[in-house]
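Reader: I am new to this structure and would like to learn how to read its features with some care. Could you take me through them one by one?

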Amino acid sequence: MTVIQSTPLREVMINMNISQSFKLALKSILTSKMRSILTMLGIIIGVGSVIILISLMQGLTNEILSTFESMGTNVLQVEVYGRGSTRAVSVDDMYKIYDDNKDIFLGVSPQMYVSGDLKYGTENFYSNALGVAENYMLLNDWKIKEGRFLSYADVRDYHKVAVVGSYVNKNIYGGKAIGDYVKIGGNKYTIIGVLEEKADSTEYSADDCIFVPYTTASKMAYSSINTYVYTTKNTDFNSEAKASIENTLYSVMQGDTYYNITDMSDLISEVTEMTGTMTMVLVGIAGISLLVGGIGIMNIMLVSVTERTREIGIRKSLGAKRRDIMGQFIIEAATTSALGGVIGIVIGIVVSGWLGDIIEIKADPTPTAIMISFSISVFIGILFGFLPANKASKLNPIDALRHD
Amino acid sequence: MLQTGVSLKIYKGEFVAIVGKSGSGKSTLMNIIGCLDVPTSGQYYINGEDVSELNDNKLAQIRNKTLGFIFQQYNLITKLNVLENVELSLLYGGVGASERVRLSKMALAKVGLEDKLKNLPNQLSGGQQQRVSIARALAGNPSIILADEPTGALDSKTSREVLDFLKQLNDEGNTIVLITHDNSIAKEARRVVRIKDGKIIYDGDSEHAFERGDD
């Protein structure tokens, strides 16, 4: 009489069983296409919307960040509100901070928003007009295209001269701004230079700008300079630079509510954090449809187990163990869900590209987003396939064989 | 259904028919012999091993290695082709892919269906389907072949073929247990065990099994 042996090739068996279960799963998905698509619909919508939301939010974040980055991240903007006439800082005081710390700062320029209407001839137009110092071009990585930038003499002698960005040159002056005039608050400024394109020469971009000497701007507006832009050697020096500015200002003002220092690199991490949180919230909401999709799969799998009771009985009579049956149904659920995930990913990529074109941002899903969505859809199949699979594996072979 | 006091020994190489009307307890006996169920009390030894208190997984293993089932309704899986159906028990037994195909093809050749490997069950006649299920039962080279009303769904000519084939398998040394309600089928076996009301009322050679006429 033979002795019953335990299976030595358990590993092999499991592998074989998985590939067969996988083949069977694909077969049953393909034989009832309508039902499979309805089963997968929840997962398709869930994965699709997760991909779309992540892509759009990522695109939006990148768009905002690139705007900030074109302004430079090694930049600290200092606003001084002042505290009466006794506790005030002069332009020279602010320059002294730079002079004393040349190892961290690249330079400093006062910056003044120019109020007052902009006119080309008799026509009003809008642009970002700033009063700045002669080194502003170098500090902010601008390059001159035609003519020259502001000079030390322009600043010192209150010259009424202006340098314009490529958008203004192209769209307001038809590319012939040099030598022409711009009227700011009723005063005529001669355009002495045109800057090279820095962003994309569109309205409201960095190229939509006009620079005049800060001294002139201050004089015309009858107001003192209160904003300074410090440029550090690189972003690593930002916090050290901030501290040294703060020291000077605090010792003069004796209080920290009379000035404000904005670190552009902080701003960027704030934006990243904010959009990150928003993405999480939106994806969380989209994730609910993944849950609903999972329940849909569970539902159909439970029906499938009932329909295939006899098959389960046959398999058990042939020696299938609980885990064999369980594995088969879980693989089937996971395959269905994963296929839904793949369809959802494809739809997500197409739709987010299309939406990105409409709102003019680059919204391409990252490989990470795709991998994560795919893994989640497989995981959902396994999770929600577990209950039906467990039910199948516990069927009594005798009852199952008798089932019609 | 089965009452106490049933004692039955089946030896290697025997061809035993268990016969009884429905409700006689033969199904319960078959389920226990087939390791599909365990007795509420008493022992069942198979190949010298007590299997009366084994758990589901152990029973599955015994079914896989020791038993080959032939059912009245063939019980083939409709979505799998002939070869895949025959491979199933080998698959659950952990036999590697190439060996599985080799053994399955051998079993199918034995029942004369080597040219139908890729056919689906519903493309075959009833007799052919039953032969596939015989091949499936044979493929793993089990100690016992358990045939539950194997001719129940077949016409008399095909039934004859199946019975002759079972006899041939027995001649080749296979142990066969045939379960049936039909006395004339039971007579084909060498030994007949008659069950009535949960008790064995006859256990002996098939020639004298139905002499007393008390059905």
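Reader: Which residues are linked in a network of salt bridges?

Author: A salt bridge is a side-chain nitrogen of Lys or Arg within 4 Å of a carboxyl oxygen of Asp or Glu. In this predicted model, such bridges join A:Arg308, A:Glu311, A:Arg315, A:Glu332 and B:Lys79 into a network, and over all chains the count comes to 23 salt bridges. Local features here need pLDDT of at least 70, side-chain atom pairs count only at pLDDT 80 or more, while totals for chains, interfaces and linings use all residues, and side-chain values use heavy atoms, with hydrogens and water left out. Residues are numbered from 1 along each chain as its sequence is written, and chains are lettered from A and ligands numbered from 1 in the order in which they are written.

Reader: Where in chain B do B:Arg160 and B:Glu188 lie?

Author: Helices (H or I, at least four residues) and strands (E, at least two) are DSSP runs, numbered from the N terminus. B:Arg160 forms a salt bridge with B:Glu188, with 2.8 Å between the closest N and O atoms. This pair links distant parts of the chain, since B:Arg160 is in helix H6 and B:Glu188 in the loop between helix H7 (183-186) and strand E7 (191-196), 28 residues apart.

Reader: Is B:Glu188 buried or exposed?

Author: Buried means under 20% relative accessible area, exposed over 50%, and partly exposed in between (1.4 Å probe, protein chains only). With a relative accessible area of 18%, B:Glu188 is buried, whereas B:Arg160, at 34%, counts as partly exposed.

Reader: Which side chain of opposite charge is nearest to B:Glu149?

Author: For charge, Lys and Arg count as positive and Asp and Glu as negative, while His and the chain ends are not counted. B:Glu149 is buried yet has no salt bridge, and the nearest side chain of opposite charge, B:Lys26, is 4.3 Å away. B:Glu149 sits in the loop between strand E5 (144-148) and helix H6 (156-171) of chain B. Contact means heavy atoms within 4.5 Å, and, leaving aside neighbours within four places in sequence, the contacts of B:Glu149 include B:Lys26, B:Gln72 and B:His181.

Reader: What does A:Ile349 touch, not counting residues up to four places away in sequence?

Author: A:Ile349, found in helix H11 (residues 322-358) of chain A, touches A:Ile51, A:Pro365 and A:Ile370 on that count. The C-alpha atoms of A:Ile349 and A:Gly48 are separated by 7.9 Å, although these residues are 301 residues apart along the chain. At 37% relative accessibility, A:Ile349 counts as partly exposed.
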